[in-house]
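Hi,

Here is the structure for you to look over. My notes follow below.

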Amino acid sequence: MLRRFLQSFWWMLLLGILTMLIFLGLEIKSYQTAIAAITKFEQVPGEIIYRSHLKLDDQSGNSWQVILWKQIYPGHSPSVNLRLVGFPGSAELIHPQPLRITKATGEVLTAPDVFLEEAPVPSIGQYDFQNILPKLPIEPLQLGIPLPGQHFINISVPPSVVQEWQSVVSN
C-alpha cells in the first residue's frame with residue numbers, strides 16, 4: 001500500500017513539474033524577442049541606406065514588419081523613416097494620421113505620416129522619424145497606429161529595438 005502511494009506521489013510530482021515547465025515555457029514565449037540586424041546597402045551610386053528590419057506583434061497578436069531606415073543622398077540631409085507593414089487583412093490604416101509613440105514615462109510623441117493620401121497597400125504606414133528618434137531614450141515604447149474612430153493598434157517595442165534604431169541613425 002505504501003509503495004503504491006509513493007509511486008502515485010512521484011507520478012503526480014512529475015506531472016506537476018512538467019505542467020509548470022510547459023506554462024513557464026508559454027509565458028517566456030509570450031515576451032517578444034526582436035532579433036534583427038542592421039544592414040547597409042547602396043541602391044544607386046552614392047545613395048546609402050542603413051536599415052533595421054524585424055517583426056513585432058500588436059496587442060491582438062497580429063504580426064507587423066517594422067522597418068526603420070536612414071537614407072543618405074549625396075548633397076542632401078539624411079532622412080529617417082519608420083514603416084509598419086501589417087499582413088493583408090490585419091488592418092486598414094487611415095492617412096494622413098500621425099503615429100503615436102508613448103515613452104515609458106507616459107510622454108507621448110507623434111511622428112508625421114509620410115503618405116499624404118493613400119498608402120500603396122491599406123495595411124502600410126510610413127512615418128518621418130527624423131526628429132523623433134533623437135528624443136527616444138533606450139526604454140520600452142508603445143507605437144499607436146491610428147485607425148478610424150479614434151482607435152489604435154498598439155505595438156510594444158522593447159529597449160533592444162530602440163537601441164538598434166539609435167545605431168541605425170548613428171551610422
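Which elements of the protein chain have the lowest and the highest mean pLDDT? Helix α1 (residues 2-30) has the lowest, at 57, and strand β5 (residues 99-103) the highest, at 97. pLDDT is the predictor's confidence in each residue, from 0 to 100. Helices (H or I, at least four residues) and strands (E, at least two) are DSSP runs, numbered from the N terminus.

This is a predicted model: local features need pLDDT of at least 70, side-chain atom pairs count only at pLDDT 80 or more, and totals for chains, interfaces and linings use all residues. Residues are numbered from 1 along each chain as its sequence is written, and side-chain values use heavy atoms, without hydrogens and water.

The chain averages a pLDDT of 83, and 82% of the residues score at least 70.

On to the sheet. It is open, with 5 strands in the order β1-β2-β3-β4-β7 and antiparallel pairing (two strands pair if DSSP finds at least two bridges between them). β1 (38-42) and β7 (124-128) are at the edges with a single partner strand each, so one side of each has no neighbour in the sheet. β2 (residues 48-57) and β3 (residues 63-72) pair over 10 bridges. Ser52 has Leu68 in β3 as its bridge partner.

Then helix α2. Val161, Val162, Glu164, Trp165 and Val168 are buried there (under 20% relative accessible area, 1.4 Å probe, protein chains only). Their cover includes β1, β2, β3, β4, β8 (141-147) and β9 (151-157), counting contact as heavy atoms within 4.5 Å.

Best wishes

Terms used. Buried means under 20% relative accessible area, exposed over 50%, partly exposed in between (1.4 Å probe, protein chains only).
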